Amino acid sequence: MRRLHSFQPHKCKTRAFSRKKVDEQFSGTDTGGLFLQSFLEEADRLRPFVPPFRFSAFFSPEDTLLCVCASESAFRRAKEESTEPTDVIRIAELTTGSGLVGIDLLLKDEKSRLLGLDVDQRACDIATGNAKLFKIERRAWFECADIWSDSTIATLIAYDPNLLICNPPYVPEPGDQNLALEAGAGPDGTAHLMRTLELVSTVRPQTLALSWCSLSDPAKVIRRAAEAGYALNSLFVVAIADGEYSGSVRDYLRTLPCAYINENSDTVATIGPDGSARFAYLLMAGEFSRGMDAGNAAETANAVEHLCARFASDGLSALEHPELSFPATSWVLDRWDELELRVMLHGRTKMTRIG
Ligand SMILES: C[S@@+](CC[C@H](N)C(=O)[O-])C[C@H]1O[C@@H](n2cnc3c(N)ncnc32)[C@H](O)[C@@H]1O
């Protein structure tokens, strides 16, 4: 078992995930080595967001980091293609939480503006405090708003964003579970993204950065984006372990036709070497832009679905050679890496002795 070590800035390594070792342990079959980058390679992007930066409820570092990757790419494209005489990029971030993704972009471009919306007033207050921390409060506004409300459409039309970001809740919600308004994502996990794409077809930003996962009908997101007139330009993927305690969500996921999980012992052991994982799945984030070859959407959606299906049957090797006709970057984040990411973000705090 790999020893836990402290996070070293600028010293993240490419980790070789040895299928051979895992296969020997579980089945004795030598299938050769498998090499995937650790998602910790990208962790430095989150380095400015350590205390006193604050996070809001439902924060998950790997999710947010992946959305940062897609958003930085969408921002670059918005900037390149901008016809704004002032060179100002107006960013709208729906379901903004702590505001981290939008704030990251403002820190990289001193002209840009951010409007962050979240249904949770506490998240908006935290995000406002975070903007003050970086002294960008004159360029970043946060408002309490439900993406389903009519006033949100009006707010977005008036703001007229060039780039729209959304990293919403996207884990499918079993019908008999009453999740909080801020957490539930509908029976197939796409509720927020479907609503976001409805808003997008009215607001028409130039570029989009959206997050979803292999549990939440991955091809549906791409097809609906195409119907709204947006094509996927690049895809960012991370294989991670489930974070469930009871097992009930897995039972529900198994009943869904378009939820892709891998339960093979070698994949699960590689990604959750502490024995805590039930299955592995893929976090995804995409960079989309308006009117760019949206006609190829069916092919793109099928390719993404095929990747997820291959991951479900073959595990991590599907990511090594993703067989896609568009740019895709994939990583893996095992349990230890998840922990390192959290340690980095939470910073060193005084230990409290209990008892
Ligand atoms: C997974 S968190 C992501 C936060 C942030 N985007 C990030 O990457 O750190 C999802 C956020 O969506 C917000 N949310 C959930 N339902 C919403 C809705 N109907 N309208 C607006 N925000 C919502 C939650 O309050 C939460 O802050």
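A: In strand β10, Phe288 is the bridge partner of Leu232. Keep in mind that the model is predicted.

Q: What makes β9 and β10 a pair?
A: Two strands pair if there are at least two bridges between them. β9 and β10 have eleven bridges, in the antiparallel sense. They therefore count as paired.

Q: Where do β9 and β10 sit in the sheet?
A: The order is β3-β11-β9-β10-β8-β7-β4-β5-β6. Nine strands form this open sheet, and the pairing is mixed.

Q: Why are β3 and β6 said to stand at the edges?
A: Each has a single partner strand, so one side of each is left without a neighbour in the sheet. β6 covers residues 140-144.

Q: Which helix lies across β8, β9 and β10?
A: Helix α7 does, running at about 160° to β9.

Q: Why is α7 described as largely enclosed by the rest of the structure?
A: The helix spans residues 218-227, and seven of its ten residues are buried, so the description holds. The buried ones are Pro218, Ala219, Val221, Ile222, Arg224, Ala225 and Ala226.

Q: Why is Asp217 called buried?
A: The cut-off is 20 or more other C-beta atoms within 10 Å. Asp217 has 27, so it is buried. This residue lies in the loop between β8 and α7.

Q: What is the phi of the glycine just after α7?
A: Gly229 takes a positive phi of about 95°.

Q: Why does Arg204 count as partly exposed?
A: A buried residue needs 20 or more C-beta neighbours, and an exposed one has 12 or fewer. Arg204 has 16 inside 10 Å, so it falls in between. Its place is in the loop between α6 and β8. Arg204 is a residue other than glycine with a positive phi, near 55°.

Q: How do you know that the length of α12 agrees with a helix?
A: Take 1.5 Å a residue: the twelve residues 335-346 should span 16 Å. The end C-alpha atoms are 17 Å apart, which agrees.

Q: Which residues of α12 are buried?
A: They are Asp337, Glu338, Glu340, Leu341, Met344 and Leu345. These residues cover an arc of only 160° around the axis, which puts them on the same side of α12. Residues three or four places apart in an α-helix point the same way, because there are 3.6 residues a turn.

Q: What covers that side, and what follows the helix?
A: The cover over the buried residues of α12 includes β3 (37-38) and α2 (61-81). Gly347 follows α12, with a positive phi near 75°.

Q: Which residues touch the most other members of the largest nonpolar core?
A: Val238, Ala280 and Leu282 do, in a core of 105 residues. β9 gives this core its largest share, ten residues.

Q: What is Val238 in contact with?
A: Leaving aside neighbours within four places in sequence, the contacts of Val238 are Phe39, Glu62, Leu66, Leu282, Leu283, Trp331, Val332 and Leu333.

Q: Where is the cis peptide bond from Pro51 to Pro52?
A: Pro52 is in the loop between β3 and α2. Omega of the bond is near 15°.

Technical notes
Residues numbered from 1 in each chain as written. Predicted model: local features only at pLDDT ≥ 70, side-chain atom pairs only at ≥ 80, totals over all residues. Helix = DSSP H or I, 4+ residues; strand = E, 2+ residues; numbered from the N terminus. Expected span 1.5 Å × (residues − 1). Arc of directions from axis to C-beta. Contact = placed C-beta atoms within 7 Å. Axes fitted to C-alpha atoms, helices over the stretch in contact; angles between N-to-C directions. Core = buried A, V, L, I, M, F, W, Y, C linked by C-beta atoms within 7 Å.
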